[in-house]
Amino acid sequence: MQSFEKLPFTYDRKKPFIAQLGDWVGDVFYDILPEAGFEIRDEQIFMAFQLERAFADKKVIFAEAGVGTGKTIAYLLYAICYARYIGKPAIIACADEALIEQLVKPEGDIAKLAKILQLNIDVRLAKAQNQYLCVQKLEKLRENEEFADVYENVSMTIPSFVYSNAPMQQFHFYGDRKTYADLNNQAWKKVNWDAFQDCSVCEKRHRCGMTLTREHYRKANDLIICSQDFYMEHIWTEESRKRKGQLPFLPEASSIVFDEGHLLEFAAQKALAYHVRQDLLEEILERLLTNDIREEVALLIDEIIVHSLALFQTIEASTIHVKGSDRNELQLSSKLIGEIKEFKQLLSALEDALVFESELYTIEEYQLKIVEEHLDMLQYSLSLLADKKNVITWVTKTEEATTLVIMPNLVEDVLQEKVFSKKLPIVFSSATLSTNGDFGYVSGSLGIKEYLSFTVESPFNYQDNMKVLIPEKNENKFKAITEVLKETDGRSLLLFNNETELENFREVVSKSDQFSAYKFLFEGDQELSSIVHTFQNEEKTSLCAIHLWEGLDIPGPSLSSVIIWSLPFPPNDPVFNGKRKNSNQPFLEVDLPYMLLRLRQGIGRLIRTSSDQGIVTIVDERLREDEELLAQVKAVLPADVEILSKI
């Protein structure tokens, strides 16, 4: 039940709540924040009162606000108070885990508001499942000599109650990715939760760090902060978890804020994808063979395992690697479709056999339910593939296994039903939601037909504080970067489009004397927020990253230069190829708008306060050869910014 006494203003029940909230927000911006030394801008106040419309009418609003408008504080004021009024927490879904850390850091906006307004803000993190340690996977490393150090160091952090059968008298949360900051991404993937972990049969599930954290954040009163990936996973699994008698990942919300909301479509597609792995199916079916089942069922299971091996051999032989991506494109031949249909018939026969088997009570009910659910998922996902109905598919290959991924091409219908049909305020916050003032690209990809919108420009003086360098036609990329590093004494953020570009740059840097005077940090070598912390506090370092085009907020001289290695066009992978096939003009309607939105985000990492200064360098050769593309890029640069060909 809501407690109006917790509101930061005196609430008169006889008057509309939103009007009173708006009056208080006005007091905060005109009186409280200026008295605390905050620089209040007209753009921020305009944004705040635009947001009031969304909360009053319980509608979707696209809040496009330039860098420095203070959009986070604006939406936090409404979200916190509305949560206390409704009695349900607001959910803030960030683009990724790195942005979560930015939002809740000690010097962040939430901490500042709490101090200035003397509010005890109950904010809790709901990180994605892959951000937590899996004790079962850790145990599998016990005999792995290659990762012996990882096992030894991580196992020492596991609380004793995890391995004890005694009732838990006292425990603490454990297993968060941030706890293991020194592990690189490769080592972390050996011990973290992944989509193929069967938590429902794990004997440690009630002593799991992920489960304990979930119980904690569900009780939040004000704010739950999660990634967009995790929010969409919650949406897609909500009904199935309820059917199983489980709580959804997230509680009901009073409002939702999608920070960097232009990325939500990709989170939705990722969450809705089906992952098919032959070794997992084999493991699940072999569990059935340990039961006292009929011989004909055992023979059928053996036949399915043999066919699954043959099917995945055909799948592996039908893939083409996508350059610059970890995905392999799957060629759907008539032979492959035929094998899929034959395999589905065997799965159907097993489903029928298990119905009869359940009546004989030869298989434990819980185990039988897991098998049935896995077979349902297989049947549905393979049907999408066999029928080629609005589907995207690709294959990933690792040392452990080959995975077939099947995903719906367009997700707007599902999003409309599951998310945007809800009668509650939904805020999309970003500096890049429109292209030339048109919100059609983002709204169309999400299936949002009715929405409020506004745009406010950044208040910063880019003409005096920013320069943009686009090197001359014959200028070597590495030479241009060296000149920038000299000018800024390091202190640069280098943005790459994919891992291949980053690793190629790393190799050149490691072998070239011209870069020996500079210290480089590379995404993937440690937990990302730890690398960002080092970059911010060791001024003469340079950070090389793939996933920091959005959200990185480092004011001051530590970030004096943004270097863009290549224009961030979408990759030539199955996901974007699917979008291109549904477009009349793929380059103009898919590739170019995506690139320009992301480019604006990358440029926005440079100037974070009115006193910041620096240079943006774009070393993509295409700008020297394509005048029309150069004109498109210049059109999204801040007005009146000086463009140089040499420093």
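**Aromatic pairs and helix packing in a predicted model**

A search of the whole structure finds 35 aromatic pairs, where rings of Phe, Tyr and Trp (its six-membered ring) pair if their centres lie within 6.5 Å, planes under 30 degrees apart counting as stacked, over 60 as edge-to-face and the rest as tilted. The model is predicted, and local features need pLDDT of at least 70, side-chain atom pairs count only at pLDDT 80 or more, while totals for chains, interfaces and linings use all residues. Residues are numbered from 1 along each chain as its sequence is written, and side-chain values use heavy atoms, with hydrogens and water left out.

**Aromatic pairs**

- The rings of F478 and F515 have centres 6.3 Å apart and planes at 75°, so this pair is edge-to-face.
- F478 belongs to helix α19 (residues 477-488), whereas F515 is in the loop between α20 (499-511) and β15 (519-522), so the pair ties together parts that are 37 residues apart in sequence; helices (H or I, at least four residues) and strands (E, at least two) are DSSP runs, numbered from the N terminus.
- F478 counts as buried at 19% relative accessibility, and F515 counts as buried at 1%, where buried means under 20% relative accessible area, exposed over 50% and partly exposed in between (1.4 Å probe, protein chains only).
- The rings of F496 and W565, with centres 5.8 Å apart and planes at 40°, form a pair that is tilted.
- F496 lies in the loop between β14 (492-495) and α20, and W565 in the loop between β17 (561-564) and α22 (574-581), so the pair ties together parts that are 69 residues apart in sequence.
- F496 counts as buried at 0% relative accessibility, and W565 counts as buried at 12%.
- One aromatic cluster is formed by F9, Y11, F17, W24, F55, Y78, Y82 and Y85.

**Charges over rings**

- The charged end of K477 sits over the ring of W565, 3.8 Å from its centre, the criterion being NZ of Lys or CZ of Arg within 6 Å of the ring centre and within 35 degrees of the ring normal.
- The charged end of R506 sits over the ring of F522, at 4.4 Å from its centre.

**Helix packing**

- Helix α1 (residues 17-35) and helix α2 (residues 42-57) have axes that come within 11 Å and cross at roughly 165°, the axes being lines fitted to C-alpha atoms, for helices over the stretch in contact, with angles that run from 0 to 180 degrees between N-to-C directions.
- That angle makes α1 roughly antiparallel to α2, given that angles under 35 degrees count as roughly parallel, over 145 as roughly antiparallel, 65 to 115 as roughly perpendicular and the rest as oblique.
- In this packing, I18, G22, V25, G26, F29 and Y30 in α1 meet Q44, I45, A48, F49, E52, F55 and A56 in α2, contact meaning heavy atoms within 4.5 Å.
- Helix α10 (residues 228-243) packs with helix α16 (residues 412-420) at an angle of about 85°, their axes being 11 Å apart, which makes α10 roughly perpendicular to α16.
- Residues Y231, M232, I235, W236 and E239 in α10 meet V414, L415, K418 and V419 in α16.

**Surroundings of S255**

- S255 lies in the loop between α10 and β5 (256-259) and is buried, with a relative accessible area of 0%.
- Not counting residues up to four places away in sequence, S255 touches F55, A79, Y82, P89, A90, I91, L424 and P425, and among these F55 and Y82 also belong to the aromatic cluster.
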